[in-house]
Amino acid sequence: FMNTKDGDAKAKEWYEQLAKAHAGHPYAVKAAGAVKRLEAEGKPLEVAGTNLATGQPFSAAALKDKAVVVYYCANWSSTLGDDAKKLRALAKEYGAKGLELVIVNLDTDAKAAAATVAAHELPGTVLHAPGGLDGSPLAAQYGIIVVPHIFVAGKDGKVVNRNAQAANLDDEVKKLLP
């Protein structure tokens, strides 16, 4: 349905049907998350999980008065190296102005996630839960089906872009933190 006139509406309709018709299947949760993702713009960013470095709970709701970029990734993402450079540059330029980066690592296990973070020097708070793209509750929260996937939220905590692109991320952040 991508890039069609009614693409989002049709995708939402199918995800809703999947979630309802197959409520007992693990993918039903992911389908419900996809509906939430499609409806996310203008609503509060709801990303919560375990901080990989500290093991402590984390919620984006705690990032009051901060612009937030949420970057979903895994070690097998072909763009991760280039994207990590862009994220480090954003953190350096806008961190003091109120930008928070949240990396949601969708590697299968914590050891692989930690290796990915170290190898690419990923900045910000890194969240991880076992299961990978198909089984992690972090992927299910917003029905993430491909990485990278990027959300941008404003200082009010609301999603301004549910499908941001790494190439334009600097422009997105400039709008929020001039």
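This is a predicted model: local features need pLDDT of at least 70, side-chain atom pairs count only at pLDDT 80 or more; totals for chains, interfaces and linings use all residues.

Colleague: Okay, what is the phi of Glu 121?

Modeller: Glu 121 has a positive phi of about 50°, although it is not a glycine. Glu 121 sits in the loop between helix 4 (110-120) and strand 5 (125-128); helices (H or I, at least four residues) and strands (E, at least two) are DSSP runs numbered from the N terminus.

Colleague: Is Glu 121 buried or exposed?

Modeller: Glu 121 counts as exposed, at 53% relative accessibility. Asp 65 also has a positive phi, near 60°. Asp 65 is in the loop between strand 2 (57-59) and strand 3, and is exposed at 61% relative accessible area.

Colleague: Which peptide bond is cis?

Modeller: The one from Val 147 to Pro 148, with omega near 0°. Pro 148 is in the loop between helix 6 and strand 6. Most peptide bonds are trans.

Colleague: What touches Val 147 and Pro 148?

Modeller: Ser 77 touches both, not counting residues up to four places away in sequence; contact means heavy atoms within 4.5 Å. Ser 77 lies in the loop between strand 3 (67-73) and helix 3 (80-94) and counts as buried at 10% relative accessibility.

Colleague: Switching to the inside: which residues touch the most other members of the largest nonpolar core?

Modeller: Leu 45 and Tyr 72, out of 24 residues. Such a core is a set of buried Ala, Val, Leu, Ile, Met, Phe, Trp, Tyr and Cys residues joined through side-chain atoms within 4.5 Å. Strand 3 gives this core its largest share, three residues. A second, separate core of 22 residues includes Ala 67, Cys 73, Val 126 and Ile 150.

Colleague: And helix 7, which residues are buried there?

Modeller: Leu 169, Glu 172 and Val 173. They are on the same side of helix 7 because they cover an arc of only 90° around the axis, taken from the directions from the helix axis to the C-beta atoms. The buried residues of helix 7 pack against strand 3, helix 3, strand 4, strand 6 and strand 7 (159-164).

How values were computed:
Residues are numbered from 1 along each chain as its sequence is written. Side-chain values use heavy atoms; hydrogens and water are left out. Buried means under 20% relative accessible area, exposed over 50%, partly exposed in between (1.4 Å probe, protein chains only).
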